[in-house]
Amino acid sequence: MLKRFWLWLGRLLGKLLFTVVLVGLVGWGLGEAYYAWKFSGPVSTQEQIAPDEKALTRLIIEDAVRIVEQHRDNTRVLRDAHAKAHGCVKAEVQVLDTLDESLRQGVFSEPGHTWQAWMRLSNGNAYPQFDRARDARGMAIKLLDVPGKKLMKSPVHAGEQDFVMFNHPAFFVRDVAEYRTNFAAQADGKKVQAFFPSWDPRTWEARHLIIALKTLAPAPESPVATTYNSIAPFKLGELNIKYRVVPAPQNCPPYELPEQNTDLPNFLRNALYQQLSLDRAPACFELQVQKQNAQYYMPIEDPTVEWSEKISPFESVARITVQPQDFDSREQNLFCDNLSFNPWHALPEHRPIGGINRLRKSVYEAVSAYRHQRNAPALANAAPQPVTQETEVELSQ
Ligand code: HEM
């Protein structure tokens with residue numbers, strides 16, 4: 001009797017498992033077919049601006065400032081995103097000698113030219129947490145003393161060309177409208193509603209949820225050992241491109257990072273310190289661009305879609321070298337905290353394009369202005385030499 005029961009239960013579970021696998025496979029196949037149909041070219045090479053974008057941007061700024069206040073630590077107002085830095089390091093960005101004529105635009109117009117730069121490496125989260133927590137990792141580069149009129153008028157940033165990236169190739173929202181819904185839900189702690197805002201299945205964004213989950217990845221062994229992507233598109237002269245920074249150990253003397261204790265809260269800073277300050281070993285990268293081929297599904301207005309590398313492979317435009325250095329001082333960490341990166345600190349040849357980039361312009365500016373204004377009194381009390389916006393320029397030379 002008992003034996004028959006177990007056999008019956010085994011058959012039932014077997015059938016159940018089979019059904020679940022079958023339904024999963026059919027669902028996956030249908031999903032693939034749907035997206036192959038939906039994501040087929042050609043696409044526009046021009047930006048398309050929704051009429052409500054400006055109004056939504058204002059609401060997002062209000063939410064962002066609210067979040068910054070919620071997450072402020074005891075003494076300082078931190079960034080609304082990428083609050084925790086592993087360090088700010090000096091870098092050299094050298095345009096390739098052999099750069100193709102079509103890519104010689106803006107800061108890449110002179111082959112062989114070397115730009116001095118600051119590079120800030122960060123965790124993506126809105127407040128600092130242990131490095132082993134799943135998260136995106138950011139890299140922001142600021143080229144210095146770049147001549148020419150910039151897209152933003154601020155005299156403080158007049159000589160800067162910024163590149164702002166993180167280490168996942170796709171963004172988890174499509175446009176400004178979705179960002180507003182998603183961000184407002186997350187700000188209220190309603191994580192499920194961020195991707196499933198109503199009972200209407202047409203508003204569900206399961207694919208974007210998967211991107212968000214993949215973005216929150218385990219930490220790399222070091223901040224200089226992962227690839228950072230622009231995700232959103234940019235101009236490069238007349239071209240539309242995305243860019244990324246890939247580690248290029250082949251351009252550096254061989255170096256192996258000793259194993260780090262990943263239980264330590266700041267092991268990514270420790271890894272950077274070990275390589276650059278203790279072992280005095282440089283870190284090398286290449287800056288690469290990927291051209292839009294508008295015959296295929298490489299949209300400007302949807303950064304949740306990766307542009308196919310098979311159709312349009314990335315091409316190197318510059319080498320980045322981070323020389324051995326001592327970066328982990330109180331002054332430099334404070335200086336780093338007071339830097340402001342913004343993809344719109346840029347020459348017109350590198351103009352950010354697409355809705356998510358248009359949104360970033362005023363949000364980054366507003367949050368940066370807010371935290372600088374709120375931190376100014378604390379700075380005056382705490383730092384022997386207050387790092388004001390004027391000293392920011394001085395230090396950056
Ligand atoms: C393509 C997508 C994006 C990428 C690659 C990206 C990357 C980054 C990185 C690396 C930083 C840190 C910069 C630093 O080291 O100072 C940052 C900061 C920030 N990001 Fe984004 N981000 C993206 C989209 C967005 C969007 C859509 C928003 C909101 C509208 C946003 C809001 C911010 C804010 C407010 C800061 C802090 C600015 C400051 O206080 O100086 N980001 N982002």
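How many nonpolar, polar and charged residues does the shell around the ligand have? In this predicted model, the split by class comes out at 15 nonpolar, four polar and five charged residues. That makes up a shell of 24 residues surrounding the ligand, with Arg79, Arg120, Met165, Tyr364 and Arg371 as the closest.

As for where the shell comes from, strand 3 (137-143), strand 4 (161-166) and helix 8 (355-382) each put in at least two residues. Helix 8 is the biggest giver here, with eight residues in the shell.

On the oxygen side, a ligand oxygen atom is 2.7 Å from an N or O atom in the side chain of Arg79. Ligand nitrogen shows up in two further cases. Tyr364 places a polar side-chain atom 2.7 Å from a nitrogen atom of the ligand, while for Arg360 the distance from a side-chain N or O atom to a ligand nitrogen atom is 3.4 Å.

Turning to the nonpolar packing, the largest nonpolar core has 38 residues, and the members touching the most others are Phe108, Met119 and Ile141. Take Phe108: leaving aside residues up to four places away in sequence, Phe108 touches Val95, Leu99, Leu103, Phe163, Leu236, Leu287, Val317, Ala318 and His350. Another core lies apart from this one, and its 29 residues include Leu56, Val65, Val68 and Ile211.

Then there are the rings. The structure holds 16 aromatic pairs. One of them joins Phe39 and Tyr297, and this pair counts as stacked because the ring centres are 4.9 Å apart and the planes meet at 10 degrees. The two partners come from distant parts of the chain, 258 residues apart: Phe39 sits in the loop between helix 1 (2-38) and helix 2 (53-70), and Tyr297 in the loop between strand 8 (283-291) and strand 9 (315-322). Tyr297 has a relative accessibility of 23%, so it counts as partly exposed.

A tilted arrangement turns up for Phe171 and Phe172, with 4.9 Å from centre to centre and 40 degrees between the planes. Phe171 counts as buried because its relative accessibility is 14%. Phe172, at 19%, is also classed as buried, since the cut-off for that label is under 20% relative accessible area.

How values were computed:
Residues numbered from 1 in each chain as written. Predicted model: local features only at pLDDT ≥ 70, side-chain atom pairs only at ≥ 80, totals over all residues. Heavy atoms only, no water. Core = buried A, V, L, I, M, F, W, Y, C linked by side-chain atoms within 4.5 Å. Buried < 20%, exposed > 50% of the residue type's maximum accessible area, 1.4 Å probe, protein only. Contact = heavy atoms within 4.5 Å. Near = heavy atom within 4 Å. Polar contact = N/O pair within 3.5 Å; in protein donor to acceptor, adjacent residues only side chain to side chain. Helix = DSSP H or I, 4+ residues; strand = E, 2+ residues; numbered from the N terminus. Nonpolar A, V, L, I, M, F, W, Y, C, P; charged D, E, K, R; others polar. Phe/Tyr/Trp six-rings, centres within 6.5 Å; stacked < 30°, edge-to-face > 60°.
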